[in-house]
Amino acid sequence: MQPIRRYVLPLMLAALFAGPLLAGCAGMPLQEMSDARQAVRAAESAGAQKYAPELLAEAKSLVETARQNMHKGEYRQARDEAVLARDKAAEARRVLEQMTGTHALMARLLYGTGMRLAECLALRVKDLELERREILIRQ
């Protein structure tokens, strides 16, 4: 019975101390990276490059930093940056979604047609050809 205690006690102590350490280890943040990339693409397709460029640039930068940290094996930091990138990209998209009325119409026209702000501001009702789906742009 004595030899068993001799091995069991150190093993139990090792398990007691190693358990929290192993639980704190993080695996590769593949899902978080995927979510962040998808959020950046969604923000880009919504027009964030034009209307919230700072937020989108920050999100892209965070995704790249997270990718580099993931390759270095710093998974916890990579996960945190990927989650932050996803949040920044979602915020950039929300900026566009929260626009209403005239501002939303102008933002969609600017993004969808590629016209300049001055051209959009100079538009009149008679410049719209709804049957032919055309907009007359004046200089």
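Let's start with helix α2 (residues 30-46) and helix α5 (residues 75-97), which pack with their axes 8 Å apart and at an angle of about 20°. That angle makes α2 roughly parallel to α5, and the crossing of the two is left-handed. Keep in mind that this is a predicted model. On the α2 side, the contact is made by Glu32, Met33, Asp35, Ala36, Ala39, Val40, Ala42, Ala43 and Ala46. On the α5 side, the partners are Arg79, Ala82, Val83, Ala85, Arg86, Ala89, Ala92, Arg93 and Leu96. Sort the residues of this contact by class and you get 13 nonpolar, five charged and no polar.

Now bring in helix α4 (residues 53-72). The axes of α4 and α5 come within 8 Å and cross at roughly 160°. An angle over 145 degrees counts as roughly antiparallel, so that is how α4 and α5 run relative to each other. Here too the crossing is left-handed. From α4, the residues involved include Leu55, Leu56, Ala59, Leu62, Val63, Ala66 and Met70. Among those they meet in α5 are Tyr75, Ala78, Ala82, Leu84, Ala85, Ala89, Ala92 and Val95. This contact of α4 with α5 divides into 15 nonpolar, three polar and four charged residues.

What about the remaining pairing, α2 with α4? These helices pack at an angle of about 155°, with their axes 10 Å apart. α2 and α4 are therefore roughly antiparallel to each other, and α2 passes α4 in a left-handed crossing. α2 brings Leu30, Met33, Ala36, Arg37, Val40, Ala43 and Glu44 to the contact, while α4 brings Leu56, Ala59, Lys60, Val63, Ala66, Arg67 and Met70. By class, that is 10 nonpolar and four charged residues, with no polar ones.

The largest pocket holds about 300 Å³. It is lined by 15 residues, and the closest to its centre are Leu105, Leu109, Leu123, Leu128 and Ile135. Which elements give two or more residues to this lining? They are α6 (101-113), α7 (117-121), β1 (128-129) and β2 (134-135). The largest share comes from α6, with four residues. Taken by class, the lining of the largest pocket has 10 nonpolar, one polar and four charged residues.

Methods: Residues are numbered from 1 along each chain as its sequence is written. This is a predicted model: local features need pLDDT of at least 70, side-chain atom pairs count only at pLDDT 80 or more; totals for chains, interfaces and linings use all residues. Side-chain values use heavy atoms; hydrogens and water are left out. Axes are lines fitted to C-alpha atoms, for helices over the stretch in contact, and angles run from 0 to 180 degrees between N-to-C directions. Angles under 35 degrees count as roughly parallel, over 145 as roughly antiparallel, 65 to 115 as roughly perpendicular and the rest as oblique. A crossing is left-handed if the near helix is turned anticlockwise from the far one by less than a right angle, and right-handed if clockwise. Contact means heavy atoms within 4.5 Å. Ala, Val, Leu, Ile, Met, Phe, Trp, Tyr, Cys and Pro count as nonpolar, Asp, Glu, Lys and Arg as charged, and the others, Gly among them, as polar. On a 1 Å grid over the protein atoms alone, a cavity is a set of points where a 1.4 Å probe fits but cannot get out, and a pocket is an open set with protein on both sides within 12 Å along at least five of seven lines; lining residues have an atom within 4 Å of a point. Grid points are joined across faces, edges and corners, and a volume is the space filled by probe spheres set on the points.
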